[in-house]
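Hello,

I am handing over the structure below.

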Amino acid sequence: MEQFLTFGVVGLATAAIYAIIGSGLVLTYTTAGVFNFAHGAAGMMAAFAYWQLAFGWGWPVPLALAVVLLVLAPAFALFVERVLMRPVQSLGEAERLVMTVALLTGCIALARWIWDPNTPRPLRPFFADQPAFHLGPAPVTWHQALTLGVAALIAAGLWLLLNHTRAGTEMRACVDDRALARLTGASPQRAARLAWILATQLAAVGGILIAPNIALDAQQLSLLIVSAYTAAVFGRLRSLPLTFLGALVVGWLESYLTGYLPQNDYLPGLRLAAPALLLFLALLVFPHRRLRGRERRLVRVPLPTPRGSLVFAGCVVLLAVLLATVLDEEGLISYGPAFSLGIVALSYVPLAGYAGQISLCQLSIAGIGAVVWAHLGGAGQLWALPAAVLVAAAVGAAIAVPALRLSGIYLALGTAAFAVVLDRWVFTLPSFEVLGVRIALFDQGSVEVQGPNLFGWRLDSPAELLVLSAVVMAASSLAVGWLRRGRFGRGLIALRDSEAAYATLGGRPLAAKVAVFALSAAIAGLGGALYGMQQRTVTAEQFNLLANLPVFLVAVIGGLGAVGTGLFTGFAYIAPPHLLGHLGTWAHDVSTLGIALAGMGLAHNPAGVVPGLREEWAPLARDRVLLPVACGALGLLWLLYGTGLIGGAIFLVAAVLVAVALRIRATARQDGPRPAPDPVEWWGIRRPWRAEDREVIARGIAAG
């Protein structure tokens, strides 16, 4: 009984912290319509700042707390609300979600850059020198008592604020009906600003209180937010009392699993994954109100032409051949994964770009493809590659079936929870048997991956695997482009625009969602298998949730609807850390920080940069004079490199300069006077009817 009460007190103290953090999530969602994925990162930054002031620089603890909670936290909140979130209010829920994901990634990278993760930073509990007192047979530390007292005061303070102050009334009014509240003199912006400040202060309090119980680590502290997500979902993102109840459930679940979970090789990860499992179950079981912020400005999905798709695929293969002949072995190992990770990023195009379904577990599914190939294709058997694709597709369909009733924020939370369950529990399992079939994943460590045996030719060198990945990327890009032009692709875009209208016109939304989830997972599994071949050895950490987020962000920056996003994401994610690598070990964090900053610029270009790049280079691709000149110049440079007259670096720099110069010239040749476009009424008469005209007219009618 004593042990039961002891774990109950520990769980209650942990639940108090989750309640504090979760109530901040509810505040920002109900007042500003933003589910803040970076909420835990704000608490993490506050904990690091508190350590720096109180322990790094020796400030008095009360002064350090006052500076963090009353100065730094409000300043951070005002920056986020004014600079980051306000410009994307008109874009819709998905774009606001991406902004907070970018903020989460940027905060982790910034913290790892400032505070070396290899240096231990112990954080003493409050009143650590005071002996514990007993509540019955259970010992209670003064830090735990302080945590419970702070949670009780915050609960009472929030109740008084929301029910007995003008500011709280204004906040609740803006939740119910912003337009009506504005007519009564309330200010939604002022209410949102106050909510952001309070929420960030709550995150800071939670981060400071929980940091002494765990390592002061940027990633670990930021991922504690998964437990607060669960508490907030218990409250359906609206109810503070239910959020506190959900926090109690999560806190006690974690504590009692720690004390009573049987000791074997299969269950330790279950305790770590329990909050994510509970989050996934809560999303499926609890009823959810219609998501706020469904109105959004839809981004047009580019329609690739057959000729353009073939040219792009040829350029991908040509680029791979050039890199394979120019780069040394170290360079091939460094930049080769750009194509395989690009295939993983390409899986976002049909799923998020066409169908509008947000997924944060694509890289985790790629990990499944990698381990299936590693175990089935150990001797390079080519049949194991389709097997890896099919297993990944089956996992994608399995995710989609329970997630059919989820959308928007709830779908993002569900897929994030699935990724956490995979990397905290499933990927850590030793081998096991199901119906006599032995199943092995990462075997609690790393897995060796071999190259394929292609009709008797063993592809095992970095150059061969790079070219193979590029060929597969080219074929996958052609398939995704063909999908966009086909009936199923048009149906997915209609599903994204309006599920109700899609169903009214005879579509089957549930079947379409399952199909697109399976398709995107198959593409991700294919990319994961190729990535494993190039890495030779893979671990579970390479496919966890925090590794997912930068890939997702770069894909968003590129443009989720553009087929070229795969190639863009691969090189934008791989190249910067290696180019900056000679500057120090912090280059990866700086690169990730740059990705996050680019993601925060989403409001200025929600369609992504790839469609813009396509428009910039289209004049050269269409120019019948300069395009052959460009090809000839590239061939000449390649010949000079092959004969040893120029080095690889000179070849690459000269090729880029020639291409840019010819693009500028082609653009200037095209910028002459152009005839006015034909009116819609004359399409098919003055000029030939085009396949994309039907979609343009349909969108015009819908907008009218």
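Phe 339 is buried, at 0% relative accessibility (buried means under 20% relative accessible area, exposed over 50%, partly exposed in between, with a 1.4 Å probe and protein chains only). The model is predicted: local features need pLDDT of at least 70, side-chain atom pairs count only at pLDDT 80 or more, and totals for chains, interfaces and linings use all residues. Residues are numbered from 1 along each chain as its sequence is written, and side-chain values use heavy atoms, leaving out hydrogens and water.

The whole structure holds 12 aromatic pairs (rings of Phe, Tyr and Trp, the last by its six-membered ring, with centres within 6.5 Å; planes under 30 degrees apart are stacked, over 60 edge-to-face, the rest tilted). Phe 339 belongs to helix α15 (residues 337–346) and Phe 571 to helix α25, so the pair ties together parts 232 residues apart in sequence (helices are DSSP runs of H or I, at least four residues, and strands runs of E, at least two, numbered from the N terminus). Phe 571 is partly exposed, at 21%.

Phe 427 and Phe 442 also pair edge-to-face, at 5.0 Å and 70°. Both are buried, Phe 427 at 2% and Phe 442 at 0%.

Regards
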